[in-house]
Amino acid sequence: FFYRTTVDNTLLVKLNELQGLVEPEKLVIRLQDHNKATAMLYGMRGMTHIAKLAGKSGKATMMGNHFTVITPSRPSKIQADILNQAIADFSSAIILDPKNTVYYRERARAYNWKDDYDKAINDLQTALRINPKYTSAEQDLRQIIILKARQKPAQVKKAR
């Protein structure tokens, strides 16, 4: 069984190489589709981490091809590991599909919950550069700028 799988995979690689020589644009399109599908899996796993934090008090809704989790309160500091996992997954999704603004917004929300306002602002600004009409990102950006402005001076020094 293993040998057969290896032979099949080798044959598939050779066919891809041949198609790349004959029709390179099709190979590029297939690679882009693969990257987007993989990015979506990372994004969904990131949303799963966020949904864990939301627990029973949160609400998950489908927005286009992506889940959005609405939480009534911020996660506790104890849940920082789950936030870090979500951030890592959204970062992987962004690497594979850098024009998908949803991943930037969701990673920004996770940064916001960690009180890392600068990274959250940066992600939301990136999302708005990609899609200036992304109103949810614009609203989040306003809220995070207000939160950052309300930070106590000791917190600002500590963050630097």
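Select helix H3 (residues 80-96) and helix H4 (residues 101-113) in this predicted model. Their axes, which are lines fitted to C-alpha atoms over the stretch in contact, come within 9 Å and cross at roughly 155 degrees. Angles run from 0 to 180 degrees between N-to-C directions; under 35 degrees counts as roughly parallel, over 145 as roughly antiparallel, 65 to 115 as roughly perpendicular and the rest as oblique. H3 and H4 are therefore roughly antiparallel to each other. Helices (H or I, at least four residues) and strands (E, at least two) are DSSP runs, numbered from the N terminus.

Residues are numbered from 1 along each chain as its sequence is written. Local features need pLDDT of at least 70 and side-chain atom pairs count only at pLDDT 80 or more, while totals for chains, interfaces and linings use all residues; side-chain values use heavy atoms, with hydrogens and water left out.

Leu83, Ile87, Phe90, Ser91, Ala93 and Ile94 of H3 are in contact (heavy atoms within 4.5 Å) with Tyr103, Tyr104, Glu106, Arg107, Ala110, Tyr111 and Trp113 of H4. Ten of the residues in this contact are nonpolar, one is polar and two are charged. Here Ala, Val, Leu, Ile, Met, Phe, Trp, Tyr, Cys and Pro count as nonpolar, Asp, Glu, Lys and Arg as charged, and the others, Gly among them, as polar. The crossing of H3 and H4 is left-handed, a term for a near helix turned anticlockwise from the far one by less than a right angle, clockwise being right-handed.

The H4 residues Arg105, Ala108, Arg109 and Asn112 meet Ser136, Ala137, Asp140, Ile144 and Leu147 in H6. This contact divides into four nonpolar, two polar and three charged residues. H4 passes H6 in a left-handed crossing.

Now move to Gln32, which lies in helix H2 (residues 24-54). Its relative accessibility is 45%, so Gln32 counts as partly exposed; buried means under 20%, exposed over 50%, and partly exposed in between (1.4 Å probe, protein chains only). Select Asp97 as well: Gln32 and Asp97 are 65 residues apart in sequence, yet their C-alpha atoms are 8.4 Å apart.

Finally, show the whole protein chain. The chain has seven helices and two strands, in the order α-α-β-β-α-α-α-α-α. Of its 160 residues, 32% count as buried.
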